[in-house]
Amino acid sequence: MNSININGSVHTGQQIVITNGRVFIDGQEVTPDGKHITITVNGNLGALEADTCHTVNVAGNCGTIQTTSGGVEVAGHVAGSVSSMSGNISCGPVGGNASTMSGSVRHG
């Protein structure tokens, strides 16, 4: 089972959604107190969709990741696509597309 650390609070789950500053894991709200959101996943993650976050770090593999703002690091592979409107992307092999409008992309 993976562990998801959001601003120091540990949770488990497979899907993270951040919308309007509210954080949901597998549909359950787990919004931290601060506006600055940092996510660290120790294990694999199914999907992450965030309108804003500071940093996303996944120590394992991930299905898909989409952020509007925030850097993305995935130690393993991304089965689908990974994208960020504003932020750097660093990950292993990508099964879909890897793109950012403002930042750099490193994958392989």
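The questions and answers below concern a predicted model of a single chain.

Q: How many helices and how many strands does the secondary structure of the chain come to?
A: Read along the sequence, the chain of this predicted model follows the pattern β-β-β-β-β-β-β-β-β-β-β-β-β-β. The secondary structure accordingly comes to 0 helices and 14 strands.

Q: What is the radius of gyration of the chain, and why can the chain be called as compact as a globular protein of that length?
A: The C-alpha trace spans about 35 × 30 × 20 Å along its principal axes. For 108 residues the globule rule gives 13 Å, and the value for the chain is close to this, so the chain is as compact as a globular protein of that length, with a radius of gyration of 12 Å.

Q: Which strands stand at the edges of the open sheet of 7 strands?
A: The pairing in this sheet is mixed, and its order is E2-E1-E6-E8-E10-E12-E14. The two edge strands each have a single partner strand, so one side of each is left without a neighbour in the sheet; they are strand E2 (9-11) and strand E14 (105-107).

Q: By what angle are neighbouring strands of this sheet turned against each other on average?
A: The sheet in question is the open one with the order E2-E1-E6-E8-E10-E12-E14. With direction ignored, its neighbouring strands are turned against each other on average by 10°.

Q: Which residue of E10 is the bridge partner of Val58?
A: Strand E8 covers residues 55-58 and pairs with E10 in the parallel sense, over 4 bridges. Within E10, the bridge partner of Val58 is Val74.

Q: Is Gly76 buried or exposed?
A: Gly76 has its place in the loop that lies between strand E10 (71-74) and strand E11 (82-86). A residue counts as buried under 20% relative accessible area. The relative accessible area of Gly76 is 15%, which means that Gly76 is buried.

Q: Which residues is Gly76 in contact with, leaving aside its neighbours within four places in sequence?
A: The C-alpha atoms of Gly76 and Asn61 are separated by 4.5 Å, although these residues are 15 residues apart along the chain. With the neighbours within four places in sequence left aside, the contacts of Gly76 are Gly60, Asn61, Cys91 and Gly92.

Q: What share of the accessible surface of the chain belongs to carbon and sulfur atoms?
A: Buried residues make up 38% of the 108 residues in the chain. The accessible surface comes to about 5,500 Å², and the share of it that belongs to carbon and sulfur atoms is 47%.

Terms used. Residues numbered from 1 in each chain as written. Predicted model: local features only at pLDDT ≥ 70, side-chain atom pairs only at ≥ 80, totals over all residues. Heavy atoms only, no water. Buried < 20%, exposed > 50% of the residue type's maximum accessible area, 1.4 Å probe, protein only. Contact = heavy atoms within 4.5 Å. Pairing = 2+ DSSP bridges. Axes fitted to C-alpha atoms, helices over the stretch in contact; angles between N-to-C directions. Rg over C-alpha atoms; globule rule 2.2 N^0.38 Å. Areas by Shrake-Rupley, 256 points an atom, 1.4 Å probe, with all protein chains shown as cover.
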